[in-house]
Amino acid sequence: MLKEINNRSHIADTVINKVLSAIKNHNMINKDEKIIVALSGGADSVTLIHCLNKIKEEIGFELSACHVNHNLRGAESDSDQAFAEALCKEMNIPLKIFSIDVSKAMEKHTSVEETARTLRYRAFLEESARLSAKVATAHNSCDNTETVFLNLLRGTGLKGLCGIPPVRDYLIRPLILCTREEIEAYCDINGLRYVTDKTNFSTAYTRNKIRLEILPKLLEINPSLYGGVNRMTAALSEDSVFLENMAKKELCAAKIGDKTYDSERLASLPRPILTRAISLILKERDIEPTAIKIKGFEEIIKSGTGKINIEKNKFAIVRKGKAEIQIVIQKYRKKN
């Protein structure tokens, strides 16, 4: 019995220590900063808010939370919201609720998951701007491994193999070194209640299939799979950051006007640098840099001239030695 108690205590300490290590190694949280926990109500986010609440005095930061109700699961969605409200009230942590209509916001060729994610992160960004704060999401080591395999199955480059970045812009992931098993044990040890999304157990979703069917088989081969993937993503991320910085430097040198670039100079760049430079140009115009969009823009840069429709009202144009994204509002005649 004593051994079991000590083991449980060790797991709780391990989670806290891994959170502190992630914060320190990636400079996630500094004194006097404001941190918003993205609180879904699941085991991951409940562990995250509990851990950060325990260490906030030690580091010296302010803590609040936000919950996004996607209104996709009827009474279950409302129940998750009520749980988040009750938890934050119990912990005396300020909470902001966002209620979004994912079904209404869906556009052609976008899935429910993609739309929900876009709206969710839009809410995070809004709250981050309102409070001048960072947003802590509860992504963990298992999520990171799932993302790597998901990207691998879809076909990916270096960035996709880097997994989930511990820090990206205003987002931080303090649980990135913790496994799901450790997180659930932490909840059990501390008597923390949490909600469970039933869709997490449906193998109709590719990510769930990886989590529930593929990774358990790989863990039989290598029980240290998550740690191994963590080391790989950390090493590859260093290479990726180096290439990104090179692309930024070359793009700056190729700039010849407001968001206009020397296409001949871009065409002379090595492909790993060129594709990243194109990605930066697309982001500059609020365009998601997908592989298809990057390839299309790359082709007209290499050919020296051309025009392609990148997305609605936005065109990639290469003409007279200049490469740019032009915004053209198109008018369509209504059919009688």
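Which residue forms a salt bridge with Glu244, and how far apart are the closest N and O atoms? Lys159 does, at 3.3 Å. This is a predicted model, where local features need pLDDT of at least 70 and side-chain atom pairs count only at pLDDT 80 or more, while totals for chains, interfaces and linings use all residues. Residues are numbered from 1 along each chain as its sequence is written, and side-chain values use heavy atoms, with hydrogens and water left out.

**View 1. Glu244 and Lys159 pair up across distant parts of the chain.** A salt bridge here is a side-chain nitrogen of Lys or Arg within 4 Å of a carboxyl oxygen of Asp or Glu. Glu244 and Lys159 form one, with 3.3 Å between the closest N and O atoms. Glu244 sits in helix H10 (residues 225-254) and Lys159 in helix H7 (residues 158-161), 85 residues apart. Helices are DSSP runs (H or I, at least four residues), numbered from the N terminus. Glu244 is buried at 15% relative accessibility, while Lys159 is partly exposed at 47%; buried means under 20% relative accessible area, exposed over 50% and partly exposed in between, with a 1.4 Å probe and protein chains only. Leaving out residues up to four places away in sequence, Lys159 touches Glu244 and Lys283, a contact being heavy atoms within 4.5 Å.

**View 2. Gly160 is found in helix H7.** Gly160 counts as buried, at 12% relative accessibility. Setting aside residues up to four places away in sequence, Gly160 touches Val148 and Asn151. From Gly160 to Val148, 12 residues apart along the chain, the C-alpha separation is 6.5 Å.

**View 3. H10 packs against helix H12 (residues 271-284).** The angle is about 70 degrees and the axes are 8 Å apart; axes are lines fitted to C-alpha atoms, for helices over the stretch in contact, and angles run from 0 to 180 degrees between N-to-C directions. H10 and H12 are therefore roughly perpendicular to each other, a label for angles of 65 to 115 degrees (under 35 is roughly parallel, over 145 roughly antiparallel, and the rest oblique). The crossing is right-handed, which is to say that the near helix is turned clockwise from the far one by less than a right angle. On the H10 side, the residues that meet H12 include Leu243, Glu244, Ala247 and Leu251. Their partners in H12 include Ile273, Arg276, Leu280 and Ile281. By class, this contact has 8 nonpolar, 1 polar and 4 charged residues. Nonpolar covers Ala, Val, Leu, Ile, Met, Phe, Trp, Tyr, Cys and Pro, charged covers Asp, Glu, Lys and Arg, and the others, Gly among them, are polar.

View 4. Elsewhere, salt bridges that share partners join Asp143, Glu146, Arg180, Arg207 and Arg211 into one network.

**View 5. Arg73 forms a salt bridge with Glu76.** Here the closest N and O atoms are 2.9 Å apart. Arg73 is partly exposed at 26% relative accessibility, and Glu76 is partly exposed at 24%. A search of the whole structure finds 17 salt bridges.

How values were computed: Helix = DSSP H or I, 4+ residues; strand = E, 2+ residues; numbered from the N terminus.
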